Structure formats: structure tokens, C-alpha cells
Amino acid sequence: MSDVPNLSDLLADAPKNWGRWGDDDEVGALNFLTNDQVLRGVRSIRDGNIHTLQRLIGDPKGDPVWPSRLPAEREMVIDESAWDSDDGPKVPGGLHYADDKLVAFLQGSTQYDALGHVWYGGQIWNGYDARTTIGGLDKASVEPIAQRGVVGRGVLIDMARHFGVEAVEARRTFNHTDLLAAAESQGVTLEKHDILLIRTNHLQLFFEQSDTFYEDFCEPGLQYSPELVQWFHEVEIPNLVTDTIANEVTTDPDTGVALTLHNALMRNLGIALTELCDLEDLAAACAEDGRWDFLYVAAPLKIHRATGSPVNPVVIR
Ligand code: UVW
């Protein structure tokens with residue numbers, strides 16, 4: 001473990017977008033999604049078919065979550081049994097209603113990370129002091145992302161299909177050249193300012209191996225390299241969206257560092273991260289007609305000082 005480099009050393013020369021959109025910026029690379037980019041996304045609509053990308057909260061088959069978190073719990077607060085009881089609620093006129101509540105990690109299912117969700121070296125996105133996270137994020141919370149919304153041209157890169165597997169296996173890594181090769185074989189071009197969606201279908205293994213999935217947990221995904229970070233920087237990707245719990249290989253097999261790209265892409269470049277999407281229906285539709293680009297729309301919830309928010313992104317093809 002002592003050989004594992006510190007993120008401050010590993011990313012010492014990595015590019016940063018701090019200050020690029022002003023000293024008070026809290027939404028980072030989402031600034032690339034200008035009105036022109038919204039209209040470019042709208043122009044990629046061909047048939048008007050809609051796909052929603054949120055995983056089902058409370059799925060009877062189970063909710064995959066990052067190991068230190070718990071799946072959301074929905075509880076009934078009032079149902080017909082309450083109205084039946086003598087000391088239950090009373091409403092004039094005989095109205096009955098049902099109420100329930102959700103006890104949930106904000107990062108417990110399909111979610112947007114706030115830019116201030118991860119950091120190293122005492123500074124979060126845009127150079128804000130990490131102490132601004134104490135008691136809730138005073139800077140770079142999910143609130144400003146929720147306030148602006150996310151709309152643009154999205155492109156789905158299907159890495160499971162590219163590798164010829166049903167579900168990409170634990171630990172498997174890939175990089176930007178693999179993404180470009182997959183895009184080429186799909187017949188789609190990744191353009192500047194595209195919202196990048198990556199399918200691995202890895203979480204199929206969560207449902208198939210529920211007893212062993214978390215043993216030696218290491219999801220597959222993008223692996224850090226200076227070249228990969230430079231590629232994201234040059235293509236000016238505003239938002240990375242995946243169907244895995246953590247958007248990237250959990251622990252880098254070469255360095256031993258966990259979640260390097262959360263820092264290189266989100267903390268340093270301000271790229272919004274969206275995790276735990278269900279991309280299965282969308283991927284099937286794209287494969288059927290060979291069109292892999294679309295309008296992508298997402299509005300995380302407006303939660304004051306939150307580190308992230310549940311979301312149900314919508315794709316219109
Ligand atoms: C962590 O950063 C720990 O989690 P997530 O993958 O939800 O961003």
C-alpha cells in the first residue's frame with residue numbers, strides 16, 4: 001500500500017480548467033453546453049422515441065450501490081391501515097390518502113455527482129477550499145447543476161458490444177483509443193462537446209452473482225493515463241455517463257489508486273459524472289437501427305448543499 005502514489009503527485013502535471021469560467025464557477029465543463037449545443041442535440045432527434053436511463057429504486061431484484069452505501073429504503077407512512085385505526089388521521093369529508101418516504105444515499109442509485117463530491121490536496125473543483133464541504137457543500141454542490149440542467153448531443157459507446165461480451169467483466173480496463181475504435185465500428189463520430197455515454201452492462205453480474213459481487217470489488221471501466229485525460233480535455237466532454245457504480249475502473253491496476261478519474265476529470269477538468277444508469281433499452285434501440293447519437297436531457301434534483309442527486313436522464317432519439 002505504501003507504494004501507492006498520492007493523487008497530488010500522480011496528477012501534479014494534469015490539466016485543469018480552474019478559473020476558465022470564472023472564480024465563482026460551480027458547474028465546470030457543463031458550461032460547454034451552450035444554446036448552440038442544445039440545438040445541435042435537438043438536431044440529432046430522428047424518430048422522437050424516448051428512453052429513460054434511471055435504474056429502478058427499490059428493484060425487487062436488488063439495488064447495486066458503492067460498498068460503503070446502502071440501497072434506498074422506501075417506507076409507507078400512511079396507508080389504508082392507518083385510516084382503519086381509531087387513533088389514525090382524520091380528514092373532514094372522508095378523504096383517505098397514502099404517503100411514503102425514501103431514506104436514501106443521494107449517491108445510492110442513478111445519480112449526478114456534485115463537482116465538489118471528491119478531492120485531494122485540500123482543494124475541490126475550481127480551487128475552492130475543501131473545508132467548504134464541512135456540514136454540506138457551500139461550493140460546487142449539486143444545486144447549481146440542478147439549477148441549469150444538462151442538455152446536449154449524447155453519443156453511446158457500447159464497450160460490451162465492442163469486446164464481444166454480454167457484460168464487461170470486473171477489472172477490465174479501456175481507454176480513449178478503445179472508445180474511438182468502438183465508435184468507428186458503430187459508425188458514429190464523437191464530436192467536440194458531446195455528452196459521452198459508455199455501456200458495459202457490468203451490473204448484470206450484480207444480479208447474477210448477488211452473493212459474491214462485492215468480494216474483491218473492482219468494476220471495469222476507463223483507466224487513467226495522461227493521454228486519456230488530455231483527450232477528454234481536448235474534446236471538451238461536458239459530462240461522462242456510465243452504467244457502472246463509479247464511472248471508471250474502481251482501483252487502477254497499475255498504480256493501485258482508487259477513482260483517479262473522479263479527480264482528473266471531475267475535480268480538475270470540471271466534467272460532470274453520472275453513474276449507475278440503465279443503458280440496456282437505449283443500447284438495444286441504437287443497435288437495431290444503427291444510430292448511436294441522440295438528444296440527452298437530465299435534471300438532477302435541487303437539493304441545497306448536496307454532494308449529489310438522484311436523476312432520471314431522458315434520451316430522445
Ligand atoms: C465515490 O466517489 C466514492 O463514489 P461515486 O462513484 O458514487 O462517485
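This is a predicted model: local features need pLDDT of at least 70, side-chain atom pairs count only at pLDDT 80 or more; totals for chains, interfaces and linings use all residues.

Me: Okay, which residue in strand 11 is the bridge partner of V155?

Reply: That's D293. V155 also stands opposite L196 in strand 7.

Me: And how many bridges join strand 5 to strand 7?

Reply: Five, and those two strands run parallel.

Me: What does the whole sheet look like, then? What's the strand order?

Reply: It's an open sheet of nine strands, in the order 1-13-11-5-7-9-10-4-12, with mixed pairing. Strand 1 (50-52) and strand 12 (308-310) each have a single partner strand, so one side of each is left without a neighbour in the sheet. From one strand to the next, the twist averages 25 degrees.

Me: Which helix packs on it?

Reply: Helix 10, residues 280-289. That helix touches strand 1, strand 5 (150-158), strand 7 and strand 13 (314-316), and its direction makes about 70 degrees with that of strand 5.

Me: Back to strand 7. How many of its residues are buried?

Reply: Five of the five, so strand 7 is largely enclosed by the rest of the structure. Both faces are covered: I195, L197 and R199 are buried on one side, and L196 and I198 on the other.

Me: What about the link between strand 7 and strand 9?

Reply: Strand 7 (residues 195-199) and strand 9 (residues 239-242) run parallel, with three bridges joining them. L197 stands opposite V241 there, and I198 has T242 as its bridge partner.

Me: And strand 11, is that mostly covered or mostly exposed?

Reply: Mostly covered: five of the six residues in strand 11 (residues 293-298) are buried. Strand 11 is also joined to strand 13 by three bridges, and those two run antiparallel. One of the contacts to look for is Y296, whose bridge partner in strand 13 is V315.

Me: Switching topic. Which residues are around the ligand?

Reply: You'll find W66, Q107, D113, H117, V118, I245, A246, L259, H262 and E275 around the ligand.

Me: Is A140 buried or exposed?

Reply: Buried. A140 has 27 other C-beta atoms within 10 Å, and the cut-off for buried is 20 or more.

Me: What about R305? What's phi there?

Reply: Near 65 degrees, again a positive value in a residue other than glycine. R305 is in the loop between strand 11 and strand 12. With 16 C-beta neighbours inside 10 Å, R305 counts as partly exposed.

Notes:
Residues are numbered from 1 along each chain as its sequence is written. A residue is near a molecule or strand if its C-beta atom, placed from the backbone, lies within 6 Å of it. Two strands pair if DSSP finds at least two bridges between them. Helices (H or I, at least four residues) and strands (E, at least two) are DSSP runs, numbered from the N terminus. Axes are lines fitted to C-alpha atoms, for helices over the stretch in contact, and angles run from 0 to 180 degrees between N-to-C directions. Two residues are in contact if their C-beta atoms, placed from the backbone, lie within 7 Å. A residue is buried if 20 or more other C-beta atoms lie within 10 Å of its own, exposed if 12 or fewer, and partly exposed in between; C-beta atoms are placed from the backbone.
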